[in-house]
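Grab a pencil and work through these exercises with the structure open beside you. Try each task yourself before you read its solution.

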Amino acid sequence: MEIDYKDHGKEPYIIDIEDATKDNNNYRTTIWTGEKLQVTVMSIEPGDDIGLEVHHGIDQFIRIEEGDGICKMGPTEEDLNVQEKVGDDDAVFVPADMWHNIENTGDKPLKLYTIYAGPDHLPGTVHPTHQDAENDPNED
């Protein structure tokens, strides 16, 4: 089954999320945006990271499908008091307003998908690289 990496939001959609995650080579691809939920698949290159961020009023679920990394979370940018290794099949739950980052510590891309409980990116967002995401004026 070929995966169509467009945003299918606000329409019924069924996908093999594991295959979609592992086959994605973009830093970020938004595959579904609804009123109260958004799903993106990500591929983080070795030595790169998601980027230290906080989502105000938005809970987040992250599932690691492939690779190794370290997850850091805390109440402020300077106080990341939770630091734990993550890898294949791990799930990370990020409460709203919690600073967090996941760094790829492995030697291959870190493949993950994330669910935002409240959309965080514009529908259809695709960032081929981390730099594209950082330079996107629609990202905070």
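**Exercise 1. Find where E18 and K22 lie, and work out how their side chains meet.**

Step 1: look at helix α1, residues 17–23, which holds both E18 and K22. Helices here are DSSP runs of H or I with at least four residues, strands are runs of E with at least two, and both are numbered from the N terminus.

Step 2: count along the chain. The two residues are four apart, about one turn of the helix.

Step 3: check the side chains. E18 and K22 form a salt bridge, with N to O at 3.0 Å. (A salt bridge needs a side-chain nitrogen of Lys or Arg within 4 Å of a carboxyl oxygen of Asp or Glu.)

Step 4: look at accessibility. E18 is partly exposed because its relative accessibility is 36%, and K22 is partly exposed too, at 29%. (Buried means under 20% relative accessible area, exposed over 50%, and partly exposed in between, using a 1.4 Å probe and protein chains only.)

A quick word on the model: it is predicted, so local features need pLDDT of at least 70 and side-chain atom pairs count only at pLDDT 80 or more, while totals for chains, interfaces and linings use all residues. Residues are numbered from 1 along each chain as its sequence is written, and side-chain values use heavy atoms, leaving out hydrogens and water.

**Exercise 2. Which parts of the chain does the salt bridge between D89 and R63 tie together?**

Step 1: find the pair. The side chains of D89 and R63 meet at 2.9 Å, N to O.

Step 2: place each partner. D89 sits in the loop between β5 and β6, and R63 in strand β3, so the bridge ties together parts 26 residues apart in sequence.

**Exercise 3. Is K72 buried or exposed, and what are its partners in strand β7?**

Step 1: start with the salt bridge. K72 and E103 have their closest N and O atoms 3.1 Å apart. This pair links distant parts of the chain, with E103 in strand β7 and K72 in strand β4, 31 residues apart.

Step 2: compare with the cut-offs. K72 counts as buried because its relative accessibility is 19%, while E103, at 23%, is partly exposed.

Step 3: turn to the strands. β4 (residues 68–74) pairs with β7 in the antiparallel sense over six bridges, and K72 has N101 as its bridge partner. (Two strands pair if DSSP finds at least two bridges between them.)

Step 4: zoom out. These strands belong to an open, antiparallel sheet in the order β5-β4-β7. β5 (82–87) and β7 (99–104) are at the edges with a single partner strand each, so one side of each has no neighbour in the sheet.

**Exercise 4. Describe the surroundings of T30.**

Step 1: T30 lies in strand β1, residues 28–33, and is buried because its relative accessibility is 0%.

Step 2: list contacts, meaning heavy atoms within 4.5 Å. Leaving aside neighbours within four places in sequence, T30 touches residues including Q38, V39, T40 and H121.

Step 3: find the strand's partner. β1 pairs with β2 (residues 38–44) in the antiparallel sense over five bridges, and T33 stands opposite Q38 in β2.
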